[in-house]
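Me: I have a model open and would like to go through part of it with you. Could you start with the terms and then take my questions as they come?

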Amino acid sequence: MYDPETRYRSSRQKPFVMPRGIFAGNKSVKYGLFAVFACILVVEFYNRAGPVKLTGPIDDIFRRDPDRLVIVYGTGGEDDGSLRQYALKVSRLLGRNLSHEILVYPDVEVDQELIEDFSLMLYGPVNENLIARRLKDYLPFYFANSGVYLGDRFVAEDNWRMVFIVPNPYNTEHYILVYTGKTAADVVGINLVEHPNFTQHDTTDYVLTVGSQIVEQGYFDKSDEARWSLAR
């Protein structure tokens, strides 16, 4: 059985090898070649058009990158292993729904290639997840003192949880989706409807809850396409 925490494996397919003589003796060879060249020109046109513009909201990551998703859970806090187990559970459920394998890594095993080639789903308190901490200067919020700053507003109540999405600063064709909270225990269950920590998130760029109440949600200012900010 495949262990989703094994070392990274590229999902790139092997190149297609054209059988020899496929056009041999075919009077329409020039038309076949013309179609091939036309396809190449179309690909070149879209490649030159630049990277795909990310728009959000949160659910866009599952529509845009279903085959390029990786879950990364934090290991820097006092967790009994429940965050790891939860990340594996999300991987199984999400992979089944999207019909794609979702790899899972502890933050200490994530390398630069993985960051650049995938959209990352980061689980755990931001300051306890090495990758989230590494990206903190690109995040629209500031995390400190067991709470989160939304501009001038500071939230640090027990059982606060937040979900938000931003472009991946190392590859702006992919996303960073952050699932965070006051403690690792607050993050466990954040995706599961039946769980007390469930946080409804789909049609906005971010949502912040305290207990069962949504206290703020909305959309980011995307005037800088590579670095979204809190709209005020």
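Reply: Helices (H or I, at least four residues) and strands (E, at least two) are DSSP runs, numbered from the N terminus. This is a predicted model, in which local features need pLDDT of at least 70 and side-chain atom pairs count only at pLDDT 80 or more, while totals for chains, interfaces and linings use all residues. Residues are numbered from 1 along each chain as its sequence is written, and side-chain values use heavy atoms, with hydrogens and water left out.

Me: Where is His100?
Reply: His100 lies in the loop between helix H3 (82-98) and strand E2 (103-106).

Me: Buried or exposed, or in between?
Reply: His100 is partly exposed, with a relative accessible area of 33%; buried means under 20%, exposed over 50%, and partly exposed in between (1.4 Å probe, protein chains only).

Me: And what does His100 touch?
Reply: Leaving out residues up to four places away in sequence, His100 touches Pro66, Asp67 and Gly95, where contact means heavy atoms within 4.5 Å.

Me: Switching to H3, which residues are buried there?
Reply: The buried residues of H3 include Leu83, Tyr86, Leu94, Gly95 and Leu98, and the buried residues of this helix pack against helix H2 (60-64), strand E1 (69-73), E2, strand E3 (119-123) and helix H6 (184-187).

Me: What comes just after H3?
Reply: Just after H3, Ser99 takes a positive phi of about 60 degrees.
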